[in-house]
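I opened my notebook to get to know a new structure. Here is what I looked up, entry by entry.

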Amino acid sequence: MRLRSADPTWAPAIDAGYLTDDCDLEALVTGMERARDIAAGPLARVLAEEWSPGGTVRGREALRTKASRGCGWSTPR
């Protein structure tokens, strides 16, 4: 955690270190794969198309790349 400004109304910058260890990323990708499995089962009849990461993202390596690039958090002002 660090201060972003001397202005006390600004929220601090917090870096929780998400996805800094390969184990974190592997767990996230496994979760994405399980979510897809669940969505393809009984839920398939009530769900629309996958919006994130998207149906065109296939394979563990592609999911890993998408997850590592698409998981950015920003600190509100």
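**Entry 1: the core.** Which residues make up the largest nonpolar core? I found 6 residues there: Leu-25, Val-29, Met-32, Val-57, Leu-63 and Ala-67. A nonpolar core here is a set of buried Ala, Val, Leu, Ile, Met, Phe, Trp, Tyr and Cys residues joined through side-chain atoms within 4.5 Å. Buried means under 20% relative accessible area, exposed over 50%, and partly exposed in between, with a 1.4 Å probe and protein chains only. Helix H1 (22–40) and H2 each supply at least two residues of this core, and H1 gives the most, with 3 residues. I also jotted down that nonpolar side chains tend to be buried together in soluble globular proteins.

**Entry 2: how to read the model.** I noted that this is a predicted model, where local features need pLDDT of at least 70 and side-chain atom pairs count only at pLDDT 80 or more, while totals for chains, interfaces and linings use all residues. Residues are numbered from 1 along each chain as its sequence is written, and side-chain values use heavy atoms, with hydrogens and water left out.

**Entry 3: the whole chain.** I looked up the secondary structure and got 2 helices and 0 strands for the protein chain; helices (H or I, at least four residues) and strands (E, at least two) are DSSP runs numbered from the N terminus. The radius of gyration is 17 Å, well over the 11 Å that the globule rule gives for 77 residues, so the chain is more spread out than a compact globule. That radius is taken over C-alpha atoms, and the rule is 2.2 Å times the number of residues to the power 0.38. The C-alpha trace spans about 50 × 30 × 20 Å along its principal axes. Buried residues make up 17% of the 77 residues.

**Entry 4: Met-32 and Pro-53.** Leaving out residues up to four places away in sequence, Met-32 touches Pro-53, Leu-63 and Ala-67; contact means heavy atoms within 4.5 Å. I found Pro-53 in the loop between H1 and H2. The peptide bond from Ser-52 to Pro-53 is cis, with omega near 10 degrees.

**Entry 5: two more residues.** I checked Leu-19, in the segment before H1, and saw a positive phi of about 65 degrees although Leu-19 is not a glycine. Leu-19 is partly exposed, with a relative accessible area of 26%. Ala-62 sits in helix H2 (residues 60–70) and counts as partly exposed at 29% relative accessibility. The C-alpha atoms of Ala-62 and Ala-11 are separated by 34 Å.
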